Amino acid sequence: GKSLEHMKTTGDYYVVVVEDTNLGQIVATATLITEHKFIHSCAKRGRVEEVVVSDVCRGKQLGKLLVSTLTLLSKKLNCYKITLECAPKNVAFYQKFGYSASDETYMQRRFCD
């Protein structure tokens, strides 16, 4: 489809999946999208999307694992910053990873200026 073509040309998608081998099911997933920003000298930025943790695994630090993994990955991929949308109630959670709120629902972490 058209949207898939668009995805391929504008950036890369990295999906991290956590599987519970005892349950034999995926219990958490998150996506990192890197976008090429030609106006910026350090041209790539990352975006974390769809951090989903199954109810059966709440409180097992899986969200933490996913966010720290994608944050490290975006740094390795030479992104100049990584952004994510988050509800105000989750701001404190993301601040632990070095993110700061830039407006109501949006947080970012810069790697270079």
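**A loop, a helix and a pocket**

Tutor: Gln 61 sits in the loop between E3 and H2. One thing to keep in mind is that this is a predicted model.

Student: What is the phi of Gln 61 like, positive or negative?
Tutor: Positive, at about 65 degrees, and Gln 61 is not a glycine.

Student: Why note that?
Tutor: Because most residues other than glycine have a negative phi.

Student: And is Gln 61 buried, partly exposed or exposed?
Tutor: Partly exposed, because its relative accessible area is 47%.

Student: Let me back up. How many helices and strands does the protein have?
Tutor: The protein has 3 helices and 6 strands. Along the sequence, the pattern reads α-β-β-β-α-β-α-β-β.

Student: How much of the protein is buried?
Tutor: Buried residues are 36% of the 113 residues.

Student: Now H2. Where does H2 run, and how many residues does it have?
Tutor: H2 covers residues 62-76, which is 15 residues. From first C-alpha to last, H2 reaches 21 Å, close to the 21 Å expected at 1.5 Å a residue.

Student: Which residues of H2 are buried?
Tutor: Leu 62, Gly 63, Leu 66, Val 67, Leu 70, Thr 71 and Ser 74. They lie on the same side of H2, because they cover an arc of only 165 degrees around the axis.

Student: Why would residues spaced like that point the same way?
Tutor: An α-helix has 3.6 residues a turn, so residues three or four places apart point the same way.

Student: What is exposed on the other side of H2?
Tutor: Leu 72 and Lys 76 are exposed there.

Student: And what about phi in Asn 78, which follows H2?
Tutor: The phi of Asn 78 is positive, near 65 degrees.

Student: What does the side chain of Arg 45 contact?
Tutor: The side chain of Thr 83, through a polar contact of 3.2 Å.

Student: What about Glu 50?
Tutor: Glu 50 is also found in strand E3. Its phi is near 55 degrees, a positive value in a residue other than glycine.

Student: Is Glu 50 buried or exposed?
Tutor: Exposed, because the relative accessibility of Glu 50 is 56%.

Student: How do the lining residues divide by type?
Tutor: The lining of the largest pocket has 11 nonpolar, 5 polar and 9 charged residues.

Student: One more topic. How far apart are Ala 30 and Thr 69?
Tutor: They are 39 residues apart in sequence, and 9.7 Å apart in space, C-alpha to C-alpha. Ala 30 is found in strand E2, residues 25-36.

Student: Is Ala 30 buried or exposed?
Tutor: Buried, because the relative accessible area of Ala 30 is 0%.

Student: And Ala 101?
Tutor: Ala 101 is in strand E5, residues 100-103. Ala 101 counts as partly exposed because its relative accessibility is 46%.

Student: How far is Ala 101 from Pro 88?
Tutor: Ala 101 and Pro 88 are 13 residues apart in sequence and 9.1 Å apart in space, C-alpha to C-alpha.

Key:
Residues are numbered from 1 along each chain as its sequence is written. This is a predicted model: local features need pLDDT of at least 70, side-chain atom pairs count only at pLDDT 80 or more; totals for chains, interfaces and linings use all residues. Side-chain values use heavy atoms; hydrogens and water are left out. Helices (H or I, at least four residues) and strands (E, at least two) are DSSP runs, numbered from the N terminus. The expected span of a helix is 1.5 Å times one less than its number of residues. Buried means under 20% relative accessible area, exposed over 50%, partly exposed in between (1.4 Å probe, protein chains only). The arc is that of the directions from the helix axis to the C-beta atoms. A polar contact is a pair of N or O atoms within 3.5 Å; within protein, one must be able to donate a hydrogen and the other to accept it, and residues adjacent in sequence count only if both atoms are side-chain atoms. Ala, Val, Leu, Ile, Met, Phe, Trp, Tyr, Cys and Pro count as nonpolar, Asp, Glu, Lys and Arg as charged, and the others, Gly among them, as polar.
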